[in-house]
Amino acid sequence: MTNESIPLRVGIVGTSWWADAMYLPAFAAHSGASVVGLCGRTAATAKALADTWDVPCFSVDSDDFLDPERLDAVVVATSTDSHEELTMTALDRGLHVLCEKPLAPDLAAADRMARRAAETGAITLVPFTYRYMPTNQFVKRLVDTGYVGAPFHLNMRYFTGYARDHDYNWRFDQALAGSGVLGDLGSHWLHVARWLLGEITHIGCVSNSFYQRGPRPDSTPYEQNEDSALMTVRFANGAHGSLQVCAASWEGTEFNQTHHLDLHGADGTIYAVNDWSNLQQVSGVRADQPGPAQVLEIPNDIWNGARRDRVHDTYRDVFRAGGAMVGDWVDAVRAGQPIEPDLAEGAMVQHLIELATQSAAGDGRLLDARR
Ligand SMILES: NC(=O)c1ccc[n+]([C@@H]2O[C@H](COP(=O)([O-])OP(=O)(O)OC[C@H]3O[C@@H](n4cnc5c(N)ncnc54)[C@H](O)[C@@H]3O)[C@@H](O)[C@H]2O)c1
């Protein structure tokens with residue numbers, strides 16, 4: 001437990017657009033934490049970001065940066081290949097860790113990270129951002145309060161278009177990222193599916209690389225990861241589902257990204273859609289009602305004051321003024337209380353990604369996912 005009057009001293013490793021869009025504004029909105037340093041690979045980028053956000057120091061040396069004399073906690077927001085080394089160093093030095101998804105390029109690394117976190121007692125978080133969005137929070141509440149009854153099947157689709165070029169991108173470099181969309185987007189959907197319906201006992205997958213990508217900056221050869229995947233899952237509660245993630249889709253919307261969820265059960269049906277522009281809606285129909293499904297009003301306590309008209313404004317408000325995820329982690333660290341989803345959940349998701357990758361390399365058949 002930390003001193004109540006002194007803000008948690010946080011360092012952020014990774015100085016890309018993502019630190020700028022998510023972490024720095026979220027910490028700035030929370031009085032319980034202060035970002036005391038940034039660490040990146042390029043001094044000019046780290047300095048520019050530190051100047052923008054009034055962060056007192058920056059570094060390009062992560063070993064020197066992860067100093068428990070200066071930091072209580074660290075955010076690891078770097079490319080996947082560096083997550084393990086940074087997280088292990090931070091844990092070994094007694095820091096609390098928020099580490100980006102997917103945890104690592106492979107399961108062995110993710111398991112080592114989760115084990116070390118358990119040994120040190122650090123408060124950890126893996127930021128599966130989408131569970132915090134109001135539509136998904138409402139779906140979770142409806143499931144937990146029996147709207148669909150016994151669940152039959154869950155279909156979730158994540159369509160986006162960042163793979164629709166031919167440029168080199170570490171996310172599609174097997175040696176650096178392990179998997180492509182399965183790790184990058186599938187990790188989110190696997191976590192949300194587990195959060196909604198519980199343990200996944202079997203998983204299968206078919207995948208493809210629709211876009212051929214250019215060479216590495218240093219021209220060395222590499223194996224290209226999938227940019228589209230369709231997972232089939234079975235849950236311990238008997239439900240089954242399909243989780244589709246594609247970064248090669250054209251949706252034609254402002255952000256070229258859409259999320260859809262359908263859930264059928266014995267007592268009702270839920271549909272949720274988020275077009276990442278103006279539409280973020282949950283509809284439903286109970287088994288004893290005439291259809292079609294009607295829009296269900298997302299309760300005010302779930303909006304928690306967030307703007308509703310533009311999805312990106314909702315997104316900003318949920319994670320900044322609303323204090324979801326980053327703020328929850330800060331509060332948990334200060335209280336000395338574990339929080340979900342932690343590194344153990346990140347490793348479980350990694351296990352499922354690894355099985356999906358194995359299944360896709362074969363004939364797509366279901367593999368036993370029980371650990
Ligand atoms: N949770 C989410 O919704 C979400 C959204 C976007 C990105 N991410 C995750 O954030 C991570 C970063 O993604 P990105 O799009 O910012 O990638 P990116 O390639 O744009 O940026 C990576 C950053 O990490 C830095 N970096 C890499 N290795 C480093 C090291 N050893 N020491 C210091 N800095 C190092 C780079 O300099 C760069 O600033 C990934 O794990 C990604 O999956 C998560």
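Some ground rules come first. The model is predicted, so local features need pLDDT of at least 70 and side-chain atom pairs count only at pLDDT 80 or more, while totals for chains, interfaces and linings use all residues. Residues are numbered from 1 along each chain as its sequence is written, and side-chain values use heavy atoms, with hydrogens and water left out.

Helices (H or I, at least four residues) and strands (E, at least two) are DSSP runs, numbered from the N terminus. Two strands pair if DSSP finds at least two bridges between them. Strands of a sheet pair through backbone hydrogen bonds, either parallel or antiparallel. Here nine strands line up in the order β14-β13-β12-β11-β7-β10-β9-β8-β15, with mixed pairing. The edges are β14 (294-296) and β15 (367-368). Each has a single partner strand, so one side of each has no neighbour in the sheet.

Now look at strand β11 (residues 257-265). Seven of its nine residues are buried. Buried means under 20% relative accessible area, exposed means over 50%, and partly exposed lies in between (1.4 Å probe, protein chains only). β11 pairs with strand β7 (residues 151-160) in the antiparallel sense, over nine bridges. Across that pairing, Thr160 stands opposite Gln257. β11 also runs antiparallel to strand β12 (residues 268-274), joined by six bridges. There, Leu261 stands opposite Ala272. β11 and β12 form a hairpin, with two residues between them.

β15 and β8 run antiparallel and are joined by two bridges. His202 is in strand β8 (residues 200-208), and it stands opposite Asp368 in β15. Is His202 buried or exposed? Its relative accessibility is 17%, so it counts as buried. Contact in general means heavy atoms within 4.5 Å. Leaving aside neighbours within four places in sequence, His202 is in contact with residues including Thr232, Arg234, Leu366 and Asp368.

Another set of strands meets at strand β4 (residues 73-76). β4 runs parallel to strand β1 (residues 8-13), with four bridges between them. β4 also pairs with strand β5 (residues 96-99) in the parallel sense, again over four bridges. Val74 stands opposite Gly11 on one pairing and opposite Val97 on the other. Ala73 and Val75 point one way from β4, Val74 and Val76 point the other way, and all are buried.

Turn to the helices. Helix α1 (residues 17-28) has 12 residues. The expected span of a helix is 1.5 Å times one less than its number of residues. For α1 that gives 16 Å, and its end C-alpha atoms are 16 Å apart, which agrees. Its buried residues include Trp18, Met22, Tyr23 and Phe27. Helix α10 (311-319) has seven of its nine residues buried, so it is largely enclosed by the rest of the structure. Among them are Val311, Tyr315 and Phe319. The buried residues of α10 pack against α1, α6, β12, β13 (280-286) and α9 (300-303).

Finally, where is there empty space? Rolling a probe the size of a water molecule over the atoms shows where empty space is left. On a 1 Å grid over the protein atoms alone, a cavity is a set of points where a 1.4 Å probe fits but cannot get out; a pocket is an open set with protein on both sides within 12 Å along at least five of seven lines; lining residues have an atom within 4 Å of a point. Grid points are joined across faces, edges and corners, and a volume is the space filled by probe spheres set on the points.

The structure holds one cavity of 30 Å³ or more. The largest cavity has about 110 Å³ of space. It is lined by 13 residues, with Thr135, Asn136, Trp189, His259 and Asn274 nearest its centre. Thr135 lies in helix α6 and counts as buried, at 4% relative accessibility.

The largest pocket holds about 1200 Å³. Of its 49 lining residues, Ser16, Trp17, Trp18, Trp170 and Arg171 are closest to its centre. Elements that give two or more residues to its lining include α1, β7 and α10.
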